[in-house]
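Colleague: Please take me closely through one part of this model, and follow its contacts from one element to the next. I would like the cut-off for each term as you use it.

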Amino acid sequence: MNSQDQLESVTAPTRAAAWERATWPALPTRRARRGATWLSPHREITQPTRWLLRALSLLVPLAAWITLSTSGSVDPTFLPTPAATWQAALDMAKSGELFTDTAASVQRVLLGFGLAMVISIPLGFAMGTWQWALAALEPIIGLVRYMPASAFIPLLIIWLGLGEPSKLAVLVLGVVFFNILMVADVVRQAPRRTLEVAQTLGATPGVLIRKVILPYSLPGIIDAARVNAAAAWNFVVIAELFASTEGLGYRITRSGRFLQSDRIFAVLVVIGIIGIALDVGLRLLRDLVGRWKS
Amino acid sequence: MTTGLHLTGIAKDFPAPRGSRRVLDGVNLHVDPGEFVCVVGASGSGKSTLLDLVAGLKSPTEGTISWDGRTVAGPGPDRGLVCQTGELFPWRTVEQNVAFGLELLPISAADRRRRVAWYLEEVGLTPFARALPGKLSGGQRQRVAIARALACEPHVLLLDEPFGALDVQTKEDMQIFLRQVWQDTTTTIVMVTHDVEEAVFLAQRVLVLTSSPGRVAAEIEIDLTDERTFATRRTPPFLRLRAQIEDMVRTQHLQTTKT
């Protein structure tokens with residue numbers, strides 16, 4: 001068959017016999033659904049509703065706390081009233097210990113988290129960029145990641161003593177492995193085709209890293225850091241539960257020993273507020289760096 | 001020594017579950033400096049692979065690729081590539097995108113700015129110089145990608161279905177635009193497309209590839225006038241060429257789908 005015959009022989013593909021379809025029973029009809037409901041995924045909500053729900057998210061637990069603690073049915077040692085908590089916070093502020101404790105904890109977080117970032121971002125970047133780095137590092141990091149940092153505390157005290165280094169080490173251990181893997185994941189997403197096109201514009205491996213992979217992955221790296229900053233803030237409190245003389249974690253242990261639950265509550269609130277501030281700060285930074293993504 | 005782009009006995013194998021699969025086989029091609037050549041073929045003809053080979057992003061299993069007698073090894077700004085998705089750098093503004101290749105060359109900032117401004121003007125995007133690619137339409141993004149490649153003044157501009165994702169009207173505008181850019185810059189262009197009408201409208205010469213593996217089935221001179229407009233598409237010579245090439249591509253398509 002020559003090509004002309006072949007072209008002329010093109011017909012629609014064989015189809016099922018039309019009569020067969022006519023023998024089928026009609027499909028059961030279903031009443032048209034009403035519009036979107038509360039369960040429809042991603043349904044828009046109005047701005048007032050959004051703010052109302054946001055406010056309730058904080059106000060409902062607060063109201064529950066007030067009601068429970070002032071009703072008299074719960075021992076104030078278990079659940080102090082908001083007023084008692086506020087008073088405890090004022091007392092600690094007046095004596096200055098709230099500030100020295102907060103400063104001590106914040107300083108530890110900045111140091112420990114900073115150190116963890118300095119270690120994890122380059123390593124994660126390398127693993128996301130070079131397959132040899134990924135193959136060499138992923139198994140060991142994937143393994144160590146599952147060992148809880150808090151379980152290392154006794155070992156770290158044996159190795160590094162009771163001072164500051166062992167506390168920082170807990171923080172670093174708790175954050176560094178997760179951050180390495182998260183950064184590697186972000187960096188690995190840099191689109192292959194974009195990298196290839198950059199090479200046709202003259203980019204060498206160094207240029208690809210500086211001018212393509214880095215700017216591409218920076219917002220994602222900040223996002224990873226944000227998630228792990230929350231973890232770091234948790235670990236500092238854990239680290240301070242042992243053999244400390246100051247810090248928010250220390251204050252909690254100490255207050256616990258004297259059954260001062262109002263003070264524990266006050267410290268917990270401070271911890272929460274600082275955590276939120278850290279999160280908002282990093283989120284603003286991310287939005288600034290990642291403006292091009294919106 | 002002959003000038004221009006030479007592909008001699010090109011074959012390319014890709015790894016397959018059992019051994020390897022040959023996507024291109026015995027491809028010979030010569031493109032003169034300043035020529036506009038289109039490569040058409042059914043899907044699976046390895047036409048995009050062919051461009052990646054010329055760009056130096058992949059290396060041929062057999063055969064050599066050379067420009068002006070010098071063998072191509074690896075990617076470089078002398079062979080600019082524009083692909084269907086444009087692949088702009090979304091964190092760079094339009095002018096920063098166009099400047100990318102120039103930033104890697106030892107030229108002064110003033111020289112770079114002058115060149116970027118010229119190419120932005122040429123592709124009609126001067127008002128969008130400070131815009132991020134995310135704010136542009138599909139056609140505008142492809143213009144930026146073309147300007148970015150051209151700013152490095154490549155010997156040859158490689159276009160891999162550059163208008164494949166655009167709507168028909170934008171596509172027609174872009175074709176007229178591309179002819180204009182080609183005439184203004186006298187750049188050699190090798191373009192891959194599955195759209196035969198586009199190939200006939202744009203090129204001086206059209207290559208038809210067979211499928212699986214891709215071989216050059218035919219080479220057709222497009223002897224239309226250099227002045228090509230919307231009306232050109234409706235002239236008998238244009239329609240004749242288009243029908244002739246479409247039949248060839250369809251034949252190739254049938255042979256691969258039936259066996």
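Modeller: A helix crossing is right-handed if the near helix is turned clockwise from the far one by less than a right angle, and left-handed if anticlockwise. This is a predicted model, in which local features need pLDDT of at least 70 and side-chain atom pairs pLDDT 80 or more, while totals for chains, interfaces and linings use all residues. Residues are numbered from 1 along each chain as its sequence is written, and chains are lettered from A, ligands numbered from 1, in written order.

I begin in chain A, where α10(A) passes α11(A) in a right-handed crossing (helices, H or I of at least four residues, and strands, E of at least two, are DSSP runs numbered from the N terminus). The contact between them is built from A:Val236, A:Val237, A:Ile238, A:Ala239 and A:Glu240 on the α10(A) side, and from A:Leu248, A:Gly249 and A:Tyr250 on the α11(A) side (contact: C-beta atoms, placed from the backbone, within 7 Å). The axes of α10(A) and helix α11 (residues 248–257) of chain A are 7 Å apart, and the packing angle is about 50 degrees (axes are fitted to C-alpha atoms, for helices over the stretch in contact, with angles from 0 to 180 degrees between N-to-C directions). This angle makes α10(A) oblique to α11(A) (under 35 degrees is roughly parallel, over 145 roughly antiparallel, 65 to 115 roughly perpendicular, the rest oblique).

α10 (205–240) of chain A also receives the buried residues of α9(A), which pack against α1 and β6 of chain B as well. In helix α9 (residues 192–200) of chain A, these buried residues are A:Thr194, A:Glu196, A:Val197, A:Ala198, A:Gln199 and A:Thr200 (buried: 20 or more other C-beta atoms within 10 Å of the residue's own; exposed: 12 or fewer; partly exposed: in between). Just beyond α9(A), A:Gly202 adopts a positive phi of about 105 degrees.

At the β10(B) end, strand β9 (residues 205–209) of chain B runs antiparallel to β10(B) and is joined to it by five bridges, with B:Arg205 opposite B:Glu221 in β10(B).

The contact between the chains takes 17 residues from chain A and 25 residues from chain B. On the side of chain B that touches chain A, β6, α2 (94–103) and α7 (236–258) of chain B each give two or more residues.

Of these, α2(B) has a helix neighbour within chain B: the axes of α2(B) and helix α4 (residues 138–150) of chain B cross at roughly 30 degrees and come within 7 Å. The angle therefore makes α2(B) roughly parallel to α4(B), and their crossing is right-handed. B:Val94, B:Asn97, B:Val98, B:Phe100 and B:Gly101 of α2(B) make this contact with B:Val144, B:Ala147 and B:Arg148 of α4(B).

Definitions and conventions:
Two strands pair if DSSP finds at least two bridges between them. Two residues are in contact if their C-beta atoms, placed from the backbone, lie within 7 Å.
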